[in-house]
Amino acid sequence: MTRVRKVLIVGGGIGGLSLASGLRNRGIEVDLVEVKQEWTVYGVGIIQQCNVIRAMAQLGLADRFLGAGFAYENVGLYTAEGHLLQMLPGVRAAGPEYPANLGISRLALHQVLSSTAAERGTSIRLGLTVEHLAQDPDGVSVTFTDGTQGRYDLVVGADGLYSKVRSMVFGKELKPRFTGQAVFRHNFPRPPEIDHLAAFYGRHHNAGLCPLSKDLMYLFVTSSEPGNPWMPEDRLAELMRDRMKEFGGIIGQLREQITDPKQVVYKPMEVIFVPEPWYRGRVVLIGDAVHATTPHLGQGAGMAIEDAVVLSELLAEEAPVEALLCRFMQRRYERCKFIVESSIQIGDWEMQGASNADRTGSVKKMMEVTAQPI
């Protein structure tokens, strides 16, 4: 029986880079291709909860990861006016020596993941993706968009929401859908009292503050956007302020400081959840390519990183590829399904004006589930 010795990862985002490091830790040869000519990173900051810190420790990335962000313990739930409803204690799932949670800028996270993958020996090529895949019982022959070719034991599609690998192998009928909501984000200097994740419940919106470093935090606001309208870039500051008008307290104070549209990051919420199995032969999907979710539970990136941990662990075993991928599904499908469905439910509740108790209950349940071993 032959072990998996060489893997192609298509996509250089959070999931793909995490998987590259995990596989290289186990001596598996890794080629990674990323369609972007320049490795630009879109977004502001990202919430990384206890399960992600545990996953980063399993990948041998914890120290570098924690050094690039802001560690915190608790999650505070507040009214739109800023009155505390409940402070939820964090869980140190990675062990007592690690914090419960981390806020980190997307750029800092990318730098940690990309530099580590390269240092561990991943062959990385930018401005390139797959053109053709041909499978047989022993492997996958790949033709790339520059005409070069390669032969692999396994191909991993980690190429995001609009995955080309998914379209090639699973069919073009699987497409993301717009949920009816969008999110606005903006960076601010961090005041001392924002030393935890703070979520504020409005009637039809949700806002939050997440610390990213000693001096920086980011603000996010979710909003109902029927029809997924196009947002003029020169009006993003004005539009973000409008979506925040029901909030008082610190959110209301920050609202008036949003004046530069270039500092606002706007993103419609699109989701996809692919029915099992997430593999066809020797091609498997991970991350947003197969279970893209909304940001309501802050677990999109976390699920991709967990995929990487589980898949790299399994591929180091000596067993038929199909058996390993079947076990991957057994460990990942229901967990990811819960996160996707719960996140979408919270968004639906927001648009319907549901109670704070419903939203709080989902957050608490998510914290319980994700603290459990993967």
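Residues are numbered from 1 along each chain as its sequence is written. Because the model is predicted, local features need pLDDT of at least 70 and side-chain atom pairs count only at pLDDT 80 or more, while totals for chains, interfaces and linings use all residues, and side-chain values use heavy atoms, with hydrogens and water left out.

Rolling a probe the size of a water molecule over the atoms shows where empty space is left. Here a cavity is a set of points, on a 1 Å grid over the protein atoms alone, where a 1.4 Å probe fits but cannot get out, and its lining residues have an atom within 4 Å of a point. Grid points are joined across faces, edges and corners, and a volume is the space filled by probe spheres set on the points. Two cavities of 30 Å³ or more turn up in a search of the whole structure. The largest cavity holds about 220 Å³ of space. It is lined by 18 residues, of which Leu197, Ala199, His296, Leu297 and Val363 are the closest to its centre. Strand S5 (75–79), strand S14 (197–201), helix H10 (321–352) and helix H11 (356–371) each give two or more residues to this lining; helices (H or I, at least four residues) and strands (E, at least two) are DSSP runs, numbered from the N terminus. By class, the lining has twelve nonpolar, four polar and two charged residues, where Ala, Val, Leu, Ile, Met, Phe, Trp, Tyr, Cys and Pro count as nonpolar, Asp, Glu, Lys and Arg as charged, and the others, Gly among them, as polar. The second largest cavity has a volume of about 40 Å³, and its lining consists of Gln49, Cys50, Gly90, Val91, Asn101 and Met367. That lining has three nonpolar, three polar and no charged residues.

Axes are lines fitted to C-alpha atoms, for helices over the stretch in contact, and angles run from 0 to 180 degrees between N-to-C directions. In the contact (heavy atoms within 4.5 Å), H10 contributes Arg335, Phe338, Ile339, Ile346, Trp349 and Glu350, and H11 contributes Asp358, Arg359, Ser362, Lys365, Met366, Val369 and Thr370.

H10 has another partner in helix H9 (residues 300–315), whose axis comes within 10 Å of that of H10 and crosses at roughly 165°. This pair is therefore roughly antiparallel as well. Among the H9 residues in contact are Met303, Glu306 and Asp307, and the H10 residues include Leu324, Leu325 and Arg327. The contact has ten nonpolar, no polar and seven charged residues.

Helix H1 (residues 14–25) and helix H4 (residues 106–119) have axes that come within 8 Å and cross at roughly 30°.

Two backbone details complete the picture. Most residues other than glycine have a negative phi, and most peptide bonds are trans. The peptide bond from Glu276 to Pro277 is cis, with omega near 0°, and Pro277 sits in the loop between strand S17 (265–273) and strand S18 (279–280). Asn228 has a positive phi, near 50°, and belongs to the loop between strand S16 (216–224) and helix H6 (236–243).

Technical notes:
On a 1 Å grid over the protein atoms alone, a cavity is a set of points where a 1.4 Å probe fits but cannot get out, and a pocket is an open set with protein on both sides within 12 Å along at least five of seven lines; lining residues have an atom within 4 Å of a point. Angles under 35 degrees count as roughly parallel, over 145 as roughly antiparallel, 65 to 115 as roughly perpendicular and the rest as oblique.
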